[in-house]
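My notes follow the order in which I looked.

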Amino acid sequence: SFAIPALDIFTASCYNNFMEKIFYAETGAFGPTERVMRKIFSEYCGMREIEIVKSETGKPFLARTPFFFSVTHTREVCFIAVSDENVGIDAELLSREIDYVPILSKFSATEKAEIRSREDFLRHWTAKESVVKWLGGSLASDLKKIDYLEGMIFYAGLELPVRLSHFEREGHIVALCRANDGPPPPFIRL
């Protein structure tokens, strides 16, 4: 874990600043993720110190705050979803050349039927990865248990109470997994 400057008491304006936003910057623009998090929480909340810790499953979270976050990186851009509820985010470059056919062995037959192009694959892949991050799990143990079918998410055959949204930003497809079905969150360039 690492410490970042924070407030002792959360103000209403601080809390409202993080109802749900996606921050993004060029990968490496601020150095390690720690610096990006410091920038976000100091500029948007005036926090003097926060502590990022990990759950038993390895999912990072902010200790002693009402905020959740999820991070994803590509070669070009880092995206960080911050919310007052659990979130999971994943992104892939839309231009990424990938031979996805061998990877389809990790998808159910029903999912495979929905994947007819590289773009379809990227949409399904980012959906599954964002759900893994929302769950706090791992691709190794959860990938084959998750199905993204007709816009719904299933885990071991049961529909999860989550909403999945896809966005295009900076030449990426971005998947956001969250519990609510609210409006699209704003994207904020750092």
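I am working with a predicted model, where local features need pLDDT of at least 70 and side-chain atom pairs count only at pLDDT 80 or more, while totals for chains, interfaces and linings use all residues. Residues are numbered from 1 along each chain as its sequence is written, and side-chain values use heavy atoms, with hydrogens and water left out.

I started with an open sheet of four strands, which has the order 5-6-2-13 and mixed pairing. Strands here are DSSP runs of E with at least two residues, helices are runs of H or I with at least four, and both are numbered from the N terminus. Two strands count as paired if DSSP finds at least two bridges between them.

Which strands stand at the edges? Strand 5 and strand 13 (187–189) do, each with a single partner strand, so one side of each has no neighbour in the sheet. The twist averages 20° from one strand to the next; axes are lines fitted to C-alpha atoms (for helices, over the stretch in contact), and angles run from 0 to 180 degrees between N-to-C directions.

Next I went through the pairs. Strand 5 and strand 6 run antiparallel, joined by six bridges, and they form a hairpin with three residues between them. Phe 68 stands opposite Ser 83 in strand 6. Strand 2 and strand 6 are antiparallel too, with seven bridges. Strand 2 (residues 20–26) pairs with strand 13 in the parallel sense, over three bridges.

I looked up Phe 23 on both sides. Its bridge partner in strand 6 is Ile 80, and in strand 13 the partner of Phe 23 is Ile 188.

Is strand 6 mostly covered or uncovered? It is mostly covered, with seven of its seven residues buried, buried being under 20% relative accessible area, exposed over 50% and partly exposed in between (1.4 Å probe, protein chains only). In a regular strand the side chains alternate between the two faces of the sheet. I checked both sides: Val 77, Phe 79, Ala 81 and Ser 83 are buried on one, and Cys 78, Ile 80 and Val 82 are buried on the other.

I then turned to an open sheet of three strands, order 7-12-11, with antiparallel pairing. Its edge strands, strand 7 (87–93) and strand 11 (163–169), each pair on one side only. Neighbouring strands are turned by 20° against each other on average, direction ignored.

Strand 11 and strand 12 (residues 172–178) pair antiparallel over seven bridges. I noted two facing pairs: Leu 164 is opposite Cys 177 in strand 12, and Ser 165 is opposite Leu 176 in strand 12. The hairpin of these strands has two residues between them, and Glu 170 takes a positive phi near 55° there.

**Cores**

I looked for nonpolar cores, meaning sets of buried Ala, Val, Leu, Ile, Met, Phe, Trp, Tyr and Cys residues joined through side-chain atoms within 4.5 Å. The largest has 17 residues, and Phe 41, Leu 62, Phe 69 and Ile 80 touch the most other members. Helix 2 (33–45), strand 3 (50–54), strand 5 (68–73) and strand 6 (77–83) each give two or more residues to this core. The largest share, five residues, comes from helix 2. A second, separate core of 12 residues includes Ala 91, Phe 167, Val 174 and Phe 187.

**Pocket**

How many residues line the largest pocket? I found 20, of which Lys 54, Gly 58, Lys 59, Pro 60 and Phe 69 lie nearest its centre. A pocket, on a 1 Å grid over the protein atoms alone, is an open set of points where a 1.4 Å probe fits, with protein on both sides within 12 Å along at least five of seven lines; lining residues have an atom within 4 Å of a point.

Helix 2, strand 3, strand 5 and helix 4 (118–135) each give two or more residues to the lining. Strand 5 gives the largest share, four residues.

**Cys 45**

Last, I looked up Cys 45, which is found in helix 2. Cys 45 is buried, with a relative accessible area of 8%.
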